[in-house]
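Morning, everyone. Please bring the structure up on the screen, and I'll walk you through chain B.

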Amino acid sequence: MEFLSDIASLINSTLRISTPLVFAAMAGIFAERSGVIDFSLEGKMLMAAFVAAVGSYYLGNPWLGLLLAIIVCVCLSMLHGFASVTHKGDQVVSCVAINILIIGLTTALAAAWFGQAGLTPTLNEDQRFLEIHLPFSDALRDIPVIGTLYSDILSGHYVFVYLAYLSVPLVFWIVFKTSFGLRLRAVGENPSAVDTAGINVFTMRYKALAINGVLIAFAGAHLSTAVNANFFREMSAGRGYLALAAMIFGKWHPKTALIACLLFGFTDALQIRLQGVELPAIGEIPVQLIQALPYILTVVLLAGFVGKAIAPNAIGQPYIKER
Amino acid sequence: MVSPILELTNINKSFGHVQANKNINLKINKGTIHGIIGENGAGKSTLMSIVFGLYQANSGSIKINGKEINLRSPRDSIINGIGMVHQHFMLVENFTVLENIILGFEGETVFGEKLQKAKEDLEKLCQTYNFNIDLDATISDLSVGFRQRVEILKSLYRGAEILILDEPTGVLTPQEVDELFKILRSLKEEGKTIVLITHKLIEIMDLTSEVSVMRQGEMVGHTKTEDTSKEQLAEMMVGRSVLLRVDKKEIKKGESIFKVNNLSVKDDLDVTRVKDVNLEICSGEILGIAGVTGNGQTELLEALSGIRKVESGNIELFGEKISDQNNFLNPRMLKEKGLAHVPEDRQRMGLISDFKAHENLIFGYHDQEPYSKSAILNNKEITEYSNKVMQEYDVRPNSPNLITSNFSGGNQQKIILSRELNENPKVLLVGQPTRGVDIGAIEFIHQRLIDMRDKGAAILLASVELDEILSLSDRIIVMFDGKIVGEKENKNVTDRELGLLMAGVA
């Protein structure tokens with residue numbers, strides 16, 4: 001039974017750890033399927049974490065904090081669009097600028113408002129999201145297998161965890177089953193074809209970026225108002241980049257991107273679990289090596305698989321209509 | 001009197017300082033096939049892009065059936081019954097035919113009933129026009145000819161009454177051209193109006209009933225096709241009389257100097273593109289390679305000119321082995337042995353577009369006297385030489401200090417040609433010498449190639465323009481899927497025969 005509960009807690013933390021990655025990867029899919037590179041997932045996630053934490057601290061309601069984060073992230077996406085879609089600037093440069101701006105901005109604003117560089121006040125229970133215990137989870141716990149599955153794996157997560165996994169089929173449906181999705185995919189593959197079909201390429205890209213902003217806000221709010229009770233400096237810790245890698249590894253497809261996110265989440269959960277554990281025959285693995293696991297995996301996966309992943313054809317290219 | 005279905009009045013359009021269309025007037029009558037002819041850069045495509053709503057005119061008016069309309073986007077044009085098949089197809093390659101056709105006109109937010117309805121309507125349209133297109137096929141799996149049909153079907157489905165085709169035959173085999181013309185004629189029977197943009201005189205004579213000629217952004221004439229001739233149209237296009245036929249002396253064939261044995265070559269994606277090719281060229285001979293784009297001609301030329309690795313087989317120059325799978329001479333060493341190369345892709349491989357003309361004129365010889373001495377360029381010599389050679393090759397404008405990308409395609413090609421022919425090569429490899437080049441320059445370039453042949457050079461000419469192959473070559477080989485599928489002496493060969501070989505059916 002010891003072993004089973006170990007597995008259950010490992011799966012449980014995989015689901016939790018993967019949550020921001022899933023939101024960010026879905027956000028990335030919208031931007032990149034429309035032909036706009038989005039390196040700024042990292043910066044937007046950090047900004048969302050900051051805004052959500054500050055918002056719920058002042059407004060006393062985490063949902064209002066989330067709403068503020070959504071507004072700010074959509075604005076940042078529009079900024080990216082303004083630079084790289086309207087003014088045809090280099091998309092990577094625009095993203096890097098946003099990322100750098102936000103690292104500095106969050107630290108400075110926290111210092112100005114709360115007197116501590118890069119730290120916001122701790123949120124109380126009313127100001128943050130709490131774990132949701134599904135009905136009957138206590139009663140069902142003792143039933144073998146099903147009980148573990150329901151009570152220890154499915155129950156007891158923050159609302160974002162459920163939303164993240166619900167977003168995947170929704171994104172799939174939008175991208176592949178609606179006319180918006182058809183236009184979205186077309187605009188990332190051949191914007192001229194979209195233009196000659198009488199659809200405005202720029203409007204399509206802005207719409208995609210707006211959705212991107214909404215989704216990434218959830219990732220940030222999850223970090224600062226759910227799993228943690230405050231914002232701290234650089235708390236996104238490369239998750240935006242990791243999500244981007246997962247999206248590429250998942251070939252810009254929601255289903256495979258989800259699998260990649262779960263894989264990254266799993267190695268992270270595993271590394272936490274493995275720290276200080278004596279493994280038979282190998283002995284104790286150095287902490288540094290274990291902590292590096294997810295990143296090593298990223299490099300290996302990308303080096304091995306990205307060659308076969310075919311990006312949207314027009315990605316990174318501003319649409320220029322007249323010569 | 002019935003008003004014309006499409007009437008343009010005083011259309012003006014500039015891009016920056018370049019005026020692409022100047023005071024254009026045009027009337028197109030319902031149910032006709034109307035040709036618009038002009039050289040590259042004459043403003044034909046720009047004009048039609050304005051009609052299609054893709055570009056907005058700076059001034060002027062557009063009337064459809066006598067009613068003035070304001071076209072702000074392609075959507076407006078489509079609603080007004082205008083369809084356009086662009087030179088580069090506007091298709092999403094990894095979408096299906098159906099997805100491409102309904103794009104922008106889905107009629108519903110979530111796919112369902114309307115998608116089924118669209119499919120049924122399209123199947124009916126396919127039957128009416130005998131299109132034979134699988135609606136669920138992915139575009140990237142379709143041949144160029146079929147992709148073009150998808151474009152036509154797309155316009156018809158969206159309710160086009162006027163169908164504009166921009167250089168539709170450039171990428172087709174002669175048989176595919178026949179098929180296309182059949183389709184266009186049957187559309188005309190149905191009462192549709194067709195506007196054909198082309199620079200090929202033969203197509204105008206063959207298909208149209210009326211023709212308008214453009215030159216340097218202006219409309220220089222309208223006429224009924226039956227009242228004019230190819231020569232007359234060519235003169236209107238260029239502004240002076242042009243020799244449409246190449247004058248060629250009887251061949252004086254010398255000994256074999258360039259030989260390719262069992263050559264195979266792979267492309268960058270590791271796909272074998274040239275398969276076991278054997279060929280031989282004699283001095284004083286032009287060997288033409290005919291074939292549809294992408295059948296291995298590019299890789300063959302690259303391997304022969306020493307910029308692509310040979311997989312197997314070998315290449316001999318004057319009986320000496322210059323390349324096999326283990327080692328090959330680089331282009332510079334080949335040049336010293338008397339081999340010159342005019343690459344297919346002018347912009348990418350033939351020139352450095354951002355360099356000045358005089359720099360491109362001596363590039364490759366820049367470290368030799370008199371152009372440089374002790375590693376320092378001698379600008380006086382270079383300028384002198386450039387002036388001389390630009391005059392000789394009639395490069396316009398004759399200004400060595402102009403950035404190369406500012407010259408027209410024809411003049412850029414003359415710059416390359418002058419550089420490559422400078423040292424009187426014994427073997428000349430030429431790829432697509434007149435792609436995107438105006439008629440006047442074509443005449444000049446063809447004459448230069450013939451001169452080289454008469455001086456005893458062995459010339460290998462790869463071109464997708466069958467007319468060019470037929471008028472220049474002494475012997476013709478046809479490439480299909482990397483293999484040589486036919487070889488003919490250029491006597492009484494017809495383009496139909498070659499077309500069958502090019503399509504891989506003969």
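Let me start with how the chain folds back on itself. Take contacts in chain B between residues at least 6 apart in sequence: 67% of them join residues at least 24 apart. Contact here means that the C-beta atoms, placed from the backbone, lie within 7 Å.

Some ground rules. This is a predicted model, where local features need pLDDT of at least 70, side-chain atom pairs count only at pLDDT 80 or more, and totals for chains, interfaces and linings use all residues. Residues are numbered from 1 along each chain as its sequence is written, and chains are lettered from A and ligands numbered from 1 in the order in which they are written.

Now the overall build. Chain B has 17 helices and 22 strands. These are DSSP runs, numbered from the N terminus: H or I with at least four residues for helices, E with at least two for strands. The C-alpha atoms fill a box of roughly 70 × 45 × 45 Å along the principal axes.

How much of chain B is buried? The figure is 44% of the 506 residues. Buried means 20 or more other C-beta atoms within 10 Å of the residue's own, exposed means 12 or fewer, and partly exposed is in between, with C-beta atoms placed from the backbone.

Next, the sheets. One open sheet in chain B has 4 strands in the order β2-β1-β4-β5, with antiparallel pairing. Strands pair if DSSP finds at least two bridges between them. The edges are β2 (18–28) and β5 (67–69) of chain B, each pairing on one side only. Neighbouring strands of this sheet are turned by 30° against each other on average, direction ignored. Those angles come from axes fitted as lines to C-alpha atoms, for helices over the stretch in contact, and run from 0 to 180 degrees between N-to-C directions. Inside this sheet, β1 (residues 6–15) and β4 (residues 59–64) of chain B pair antiparallel over 5 bridges. Look for E7(B), which stands opposite K63(B) in β4(B).

A further open sheet of 4 strands in chain B runs β12-β11-β14-β15, again with antiparallel pairing. Here β12 (272–282) and β15 (320–323) of chain B are the edges, each with a single partner strand, so one side of each has no neighbour in the sheet. β11 (residues 256–266) of chain B pairs with β12(B) in the antiparallel sense over 7 bridges. S256(B) sits opposite C282(B).

Now two covered strands. First, β7 (residues 162–166) of chain B: 5 of its 5 residues are buried. On one side are I162(B), I164(B) and D166(B); on the other, L163(B) and L165(B). β6 (residues 82–85) of chain B runs parallel to β7(B), joined by 4 bridges. M84(B) has I164(B) as its bridge partner. β8 (residues 193–198) of chain B also pairs with β7(B) in the parallel sense, over 5 bridges. There, L165(B) is opposite L196(B).

Then β19 (residues 427–431) of chain B. Again 5 of its 5 residues are buried, so the strand is largely enclosed by the rest of the structure. V427(B), L429(B) and G431(B) cover one side, L428(B) and V430(B) the other. β16 (residues 339–342) of chain B joins β19(B) in parallel through 4 bridges. β20 (residues 458–462) of chain B pairs parallel with β19(B) over 5 bridges.

On to helix α17 (residues 495–502) of chain B. Its buried residues include L498(B), G499(B), L501(B) and M502(B). They fall within an arc of 160° seen down the axis of α17(B), so they line one face of the helix. The arc is that of the directions from the helix axis to the C-beta atoms. Among the elements they pack against are α6 (174–189) and β13 (285–290) of chain B. Just after α17(B), G504(B) takes a positive phi of about 75°.

Last stop, chain A. 22 residues of chain B are in contact with 18 residues of chain A. Helix α2 (residues 74–79) of chain B gives the most to that side of chain B, with 3 residues.

Terms used. Contact = placed C-beta atoms within 7 Å.
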